[in-house]
Amino acid sequence: MSCLSCISDLERVILHPTSSQGEIFQSNTFVAIQKRDYPSGNLINSSSSYETAKRNVIIGTTTSKTEMEQRENNTNSLDIKQVASVSKMMDAKHILHSAIFHPVLREWQSKNSTNFDSYNLMLPIFVTDEEVMEYISSMPGMFRMGVKWVKSVVAPLVRKGLKSILLFGVIKTLPKDARGTHADSEQNPVIRALPILKSAFPDLIIACDVCLCPYTSLGHCGIIGTDDLIDNTASIKRLAEVALAYAKAGAHIVAPSDMMDGRVAAIKQSLIINGFSHKVAVLSYSAKFASTLYGPFREASGSAPAKGDRRCYQLPSGSAGLAVRAAARDVNEGADMLMVKPGLPYLDIVKRIKDAHPEYPLFVYQVSGEYAMLHHAANNNVFELMNGVVESITAMRRAGADCIITYFTPLLLNAWYRKSKY
Ligand SMILES: [Zn+2]
């Protein structure tokens with residue numbers, strides 16, 4: 001039972017000592033009653049008042065005045081071990097601190113309109129274990145970069161207003177294996193880049209994609225069992241380990257993109273048990289569709305599957321029902337933020353999920369194929385690139401996106417920066 005002094009929006013009502021209902025509520029006891037019904041300190045001294053009060057009782061038992069005063073006067077009386085164990089068992093869905101500990105997170109919790117600024121954009125960055133700056137031919141203007149390059153690429157964008165980035169690890173020299181050992185090893189490029197970025201850009205919020213496909217020999221997002229299908233239990237255990245490693249390295253956000261069943265719950269519990277529940281948020285790729293629009297990304301991240309079919313765990317493009325169920329499931333498992341991927345062809349899903357869960361910031365990933373399509377169209381004089389980009393992002397905002405993960409972030413930041421100069 002809760003102590004009444006902990007219930008902030010309730011007021012105490014003193015029951016009259018001589019009330020005829022004294023057989024239930026003894027004198028000098030308190031009951032919690034909704035504030036709107038009784039002003040603080042009212043005496044209940046009639047049967048009708050008592051009946052109304054009884055209907056409005058929030059707490060099932062009462063606490064004596066003496067007991068309550070003792071508790072209030074002695075703040076050290078709680079057993080810290082018991083409190084810690086209750087905290088660890090807390091339902092992940094009830095944790096709010098992980099969604100508001102950073103100014104950018106608070107912006108995402110506060111805005112919803114068709115306008116957008118730098119708060120509404122997140123830049124994906126591919127970090128490799130090779131110290132190179134490598135052009136990605138399928139994504140005009142995009143590079144894979146070694147850890148030592150990331151800081152110098154991000155610095156001018158932060159000066160122009162960049163608020164958030166999403167890191168993807170790519171391994172070229174480290175070996176891949178069945179369990180994705182280098183997803184969370186010390187040599188992992190994301191784990192190496194995190195402390196550098198955090199100390200150089202203390203206000204930048206850093207998300208890390210959590211998946212096994214860039215690190216597994218078969219290129220699947222989970223671990224493959226002996227029957228050549230996904231071993232879901234082994235996969236979510238491994239994903240929770242990887243997410244925890246990114247949290248320990250300094251990630252503000254871990255973003256599972258694997259689409260395994262139950263991975264949000266596994267990751268959230270791991271964060272709670274290890275003391276990260278108040279400083280790491282979970283951004284779930286809730287509705288990730290099996291899409292033809294990921295082709296350029298797979299070249300960028302080197303994560304095309306060697307065999308098997310990702311359609312066994314990513315959503316069919318025609319299934320709105322599964323997308324809505326997936327978002328509801330992630331909410332129940334404790335996700336702080338939700339995502340729809342890809343963007344423009346799935347705006348009906350964005351709208352449905354935002355309508356169903358308006359309390360949760362919703363991300364839309366404008367994926368590599370969308371990026372390439374807009375570039376190719378502009379290069380062929382179908383439209384001017386900036387106009388196409390602004391229209392696509394405005395449409396995502398209209399549908400309900402709070403933040404758009406887009407490779408066009410530098411283009412927009414540079415344009416706004418130039419405009420502010422004149
Ligand atoms: Zn994956």
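The legends below describe close-up views of a predicted model.

Local features are taken where pLDDT is at least 70, side-chain atom pairs count only at pLDDT 80 or more, and totals for chains, interfaces and linings use all residues. Numbering starts from 1 along each chain as its sequence is written.

**View 1. Helix H5 (residues 147-159) and its buried face.** Helices (H or I, at least four residues) and strands (E, at least two) are DSSP runs numbered from the N terminus. Val147, Val150, Val154 and Leu157 of H5 are buried; a residue is buried if 20 or more other C-beta atoms lie within 10 Å of its own, exposed if 12 or fewer, and partly exposed in between, with C-beta atoms placed from the backbone. Seen down the axis of H5, the buried residues fall within an arc of 70°, so they line one face of the helix. The arc is that of the directions from the helix axis to the C-beta atoms. An α-helix has 3.6 residues a turn, so residues three or four places apart point the same way. Ser152 and Arg159, on the other side of H5, are exposed. The buried residues pack against strands S5 (121-128), S7 (143-146) and S8 (164-170) and helices H6 (189-200) and H14 (409-421).

**View 2. The largest nonpolar core, with 109 residues.** A nonpolar core is a set of buried Ala, Val, Leu, Ile, Met, Phe, Trp, Tyr and Cys residues joined through C-beta atoms within 7 Å. Val127, Ala207, Tyr246, Val254 and Phe363 touch the most other members. Helix H7 (residues 232-249) gives the largest share of this core, nine residues. Leaving out residues up to four places away in sequence, Tyr246 touches Val190, Ile191, Cys208, Val210, Ala251 and Val254. Here two residues are in contact if their C-beta atoms, placed from the backbone, lie within 7 Å.

**View 3. Packing of helix H12 (residues 368-379) on helix H13 (residues 385-399).** The two helices pack at an angle of about 145°, with their axes 9 Å apart. Axes are lines fitted to C-alpha atoms, for helices over the stretch in contact, and angles run from 0 to 180 degrees between N-to-C directions. Leu374, His375, Ala377 and Ala378 in H12 meet Leu385, Gly388, Val389 and Ser392 in H13. In the loop between H12 and H13 lies Asn381, which has a positive phi of about 60° although it is not a glycine. Asn381 is exposed, with 7 other C-beta atoms within 10 Å.

View 4. Val350 is buried, with 26 other C-beta atoms within 10 Å. Not counting residues up to four places away in sequence, Val350 touches Val340, Leu362, Val364, Met396, Ala399, Gly400 and Ala401. Val350 and Ala399 are 49 residues apart along the chain, and their C-alpha atoms are separated by 5.9 Å. Pro342 lies in the loop between strand S12 (337-341) and H11. A cis peptide bond, with omega of about -5°, joins Lys341 and Pro342.

**View 5. Met259 in the loop between strand S10 (253-256) and helix H8 (263-273).** Most residues other than glycine have a negative phi, and most peptide bonds are trans. Met259 is not a glycine, yet has a positive phi of about 70°. Met259 is buried, with 24 other C-beta atoms within 10 Å.
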